[in-house]
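Hi,

Here is the structure I promised to pass on. Could you open it and have a look while you read my notes?

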Amino acid sequence: MESETFEPKIVAFLCNWCSYAGADLAGTSRLYYPANVRAIRVMCSGRVDPAMMIRPFIDGADGVLVLGCHFGDCHYLTGNYQTDQRVRIVWEVLRQVGVDPGRLHLDWVSAAEGARFAEIVEEFCNRMRHMGPLQASLPSGPLPYDLPLALAIAAEIVEGERFRWLLGRLRELREQGSVYGERIDAARLEQLVRDVIAEEYVRAGVQVLAAREPLSVKDMASKLGLAARDVLKQVAYLKKRGVLDIYDVRQQSPRYQSTTRIGVDDLG
Amino acid sequence: MGVAHGEVKAEAPHMGGINEAGCGRGPRIGVYVCHCGLNIAATVDVARVRDAVAGLPGVVVARDNKYTCSEVGQKTIADDIKNLNLDRVVIASCSPRLHERTFRELMARSGLNPFLLEMANIREQCSWVHGHDREAATRKAVALTRAAIARAALLEPLERNVGSVTKSAMVIGGGVAGISAALYLANMGVKTYLVEREPSIGGHMAMLDKTFPTLDCSLCILSPKMVEVRENSNIELLSYTEVRKVEGQVGSFKVELLRKPRYIDEAKCVACGLCAEKCPSKAPDEFNRGYSERKAIYIPFPQAIPASYVIDPNYCRYFTRGGKCRVCEKICERGAVDFSQREEIVTLDVGAIVIATGFEPYDASRKTQYGYGRFPNVITSLDFERIICADGPTHGKLKRPSDWEIPRRIAFIQCVGSRDEHETDGAGKYCSRVCCMITAKQAFMVKEKYPDAEVYVYHTDMRTAGKGFEEFYQRGRSEGIVFVRGKPGEIVENPEDHSLRVVAEDADSGCILDLTFDMVVLAIGLRPPGGLVELAQKLNVSRSADGFLLEGHPKLRPAETSIEGIYLAGCAQFPKDIPDSVAQAGCAAAAAAGVLASDRIEMDPLNPVVDEELCIGCRLCEKLCPYGGIKVEKTDKGFKARVIELACKGCGVCGAACSARAIKMRHYSDEQIYAQTAALLEVG
Ligand code: FES
């Protein structure tokens, strides 16, 4: 019953030159589409940070659309190639934390494609109606945590310096290979991306959890669905960097707390 | 009718206290929700939107106006800014792409920084698309307006970057539109480079025999203009030249051109034609649509400008047989032949660009049912122009290609490759606008030459809107031209005598017409020219769904593109006839000259700022910026990114990628965008 009346909230990032203009054209042509989608204008889809793709979910969106110019048409030449890499990697991040990546959709709409804009919105909206509310959907997979936590971890993963650096270089690596001129084949690169995300997941998970409440390594590991030794490695590392501190010791195992407030605000 | 329709002021007793507290020393925002007549108000409950935002923190006044952009509407805002000490303005109305500039100017006039304006698009992206659901539309309008307010509260004043203006222009394409644009500009004192990819200017108009509806000889009216181009000291003609690269922005474009070798020194050649007389190699003459031959060394047509020969390396023996022949070189007394010429890169600095790249005729052989290319006596309307032209393959005698006999029965078929649902490209679906009148003209010319010829025109409808067009068409009717409403399904050729059988239903009488003709002329549509996709990408201008270039606004900016400083003339935008092309050329030239008349160009200051404390010099930004707008340099604090303000275009790709979060975008900061997202999602 719920799903029949469910109206998803959708945030769309539109680039000024193509997709926003396309959305305007849908208006001038009086093409009706569901009012669920609400747009944010940016100059280029390349402005949309991975964190920006996750943030609306935290704020209560059920779906996020990123629409840019077609390849070759980006007003800033190559911005949308970057967007393409970013959305793909954010899909991986969402998958990692157990959120259906289908809730983030990337597409291209030119300034002349008012009808295409309306179609994409309509289709995506229907897909979200079908998927149901994000807040009610438990993360898929064996993870024992709640949705706000999952999203907070996702948001923290994409803040990682290593993650962001890899993302920034992805296209280049894909097309030109490493500095040593060797081409990295696609499969290896995909694996590298997944490895980095998996490692960042541990780091982000520990950081976000420790910002919530003091926890032992064992507790963290069980909340994150990870092996205790992987968590311990991260904890040791974060402690060395001064991000974590021992809060107290209970039954001979120390409980850790974060020294910064990273991620905690996002938990609402 | 009062314009300030209704208002809710913070000072109003029921909410004044809350609001003054909410404002404190924070922003003082005025919110204006526009009815846009009924454009918004018919779908969105404007008063409800106004009331829903009136109490928000920072909102000092919220009003609704009938037309916010009107003088009265603007005055209301200006007065509020003064009387209520507003420091930010939010306007919920049409798309910012329409009126952002209008309202920014209003801000500036009222003493506020123009970047403290924020607009909520509740027309194009709300009322016009949600007319089926007033409630949802109103709620969305509230959300959009709240988001705009949230963002406005965080906006910062910005100073515009100022760029210089190079006082010259480039016109791309030397057809009648490009020629006209170049002349208009040159006559306004603007140094103009006219770039044409063919060896001569003139374009398609040079190929036409006569023009409708006046039956002027086409070249007789065009050729003086072409000569003027050559004579005008403000115009530099670069023929046989293509655009390779364009960088920069309005006021200072850097253009890279590729000059193809003519193998003739233009300055020395006097077009005496001796070389062509002696040249042993023949090639199909493209100017005559392949119905005659020219030599490998040739001049495209006698009135060509530049009046210089050119060597076609695909046919010239020097090139095809490895350095042999050189007859032309020997015969040329002026030593104009120069086989050592190579492709050459030319660079230009211009402040504005006019695109006049014209069209390409539809490839009629794609309509296999009409047999163009298989049946010699099926020709296109452009072929007809050459065949009937005094300079053409038959020296002005209208003859049919199979045996070069005079045709007695001629049919014209309209809308070949236009108004056709089966066409895959957008330009094939609509009316090409000129073909009906071209046929009216050509049919009339047939009758003029051979009054007893039988002429049939098969059409969808005859479209004759234009000055003197209908009269001309009626005259054709009275001369005995038969107009049949109906499109033949196919043409069948009699292989013996190459006559053509055409069967069609006359929709007006319901009769089936089964007729045989000596020649059939296909009235072909207009298509975007080859290379337009690439050119549009180089210039960064958008194309419409039909593949032609997109204008700045369909009504009010017909000669502009979405890029400031780049303008449109002629068929580059959409199929047009000659007078419309010339008129648009004038419009484009005036707009370009307007830009060039100012000494400085103001650019939106959307550049990022780098927090040197956070920057780790990883160079990601430098790598991602396609403009060299951000560079990592050595400072006393180590390697740090630095923004090159005039090179930066403000796209934000660096800010979104920075691995250390050191880059903050101006006007599109993370905080501003997050404030928007949160506000958008607050309202159900
Ligand atoms: S401007 Fe549209 S994607 Fe870059």
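This is a predicted model: local features need pLDDT of at least 70, side-chain atom pairs count only at pLDDT 80 or more; totals for chains, interfaces and linings use all residues.

The predictor puts the complex at an ipTM of 0.93 and a pTM of 0.76. For chain B the mean pLDDT is 93, with 96% of its residues at 70 or more. One stretch of chain B to treat with care is residues 10-18, where pLDDT stays under 50. The model still gives that stretch 14 contacts beyond four places in sequence.

Now for chain A. It splits into domain 1, residues 10-136, and domain 2, residues 147-266. Going by C-alpha atoms, the centres of domain 1 and domain 2 of chain A lie 27 Å apart. Their contact involves 20 residues of domain 1 and 22 residues of domain 2. Together the two domains of chain A bury about 2000 Å², and carbon and sulfur atoms account for 72% of that.

Next, the interface between the chains. Chain A and chain B bury about 4900 Å² between them, 58% of it on carbon and sulfur atoms. In chain A, the residues that lose the most area to chain B are three arginines, R38(A), R41(A) and R47(A), which together make up 15% of what that side buries. As for residue counts, chain A brings 58 residues to the contact and chain B brings 60.

Then there are the cavities. How many of 30 Å³ or more does a search of the whole structure find? It turns up seven. The largest cavity has a volume of about 240 Å³. It is lined by 21 residues, and the closest to its centre are Y20(A), R41(A), E118(B), M119(B) and Q676(B). The largest share, five residues, comes from β5(B). Sorted by class, the lining of the largest cavity has twelve nonpolar, four polar and five charged residues.

Cheers

Key. Residues are numbered from 1 along each chain as its sequence is written. Chains are lettered from A and ligands numbered from 1 in the order in which they are written. Side-chain values use heavy atoms; hydrogens and water are left out. On a 1 Å grid over the protein atoms alone, a cavity is a set of points where a 1.4 Å probe fits but cannot get out, and a pocket is an open set with protein on both sides within 12 Å along at least five of seven lines; lining residues have an atom within 4 Å of a point. Grid points are joined across faces, edges and corners, and a volume is the space filled by probe spheres set on the points. Helices (H or I, at least four residues) and strands (E, at least two) are DSSP runs, numbered from the N terminus. Ala, Val, Leu, Ile, Met, Phe, Trp, Tyr, Cys and Pro count as nonpolar, Asp, Glu, Lys and Arg as charged, and the others, Gly among them, as polar. pLDDT is the predictor's confidence in each residue, from 0 to 100. Contact means heavy atoms within 4.5 Å. Domain bounds come from an automatic or database domain assignment. Buried area is the accessible area (1.4 Å probe) that two parts lose on being put together, summed over both.
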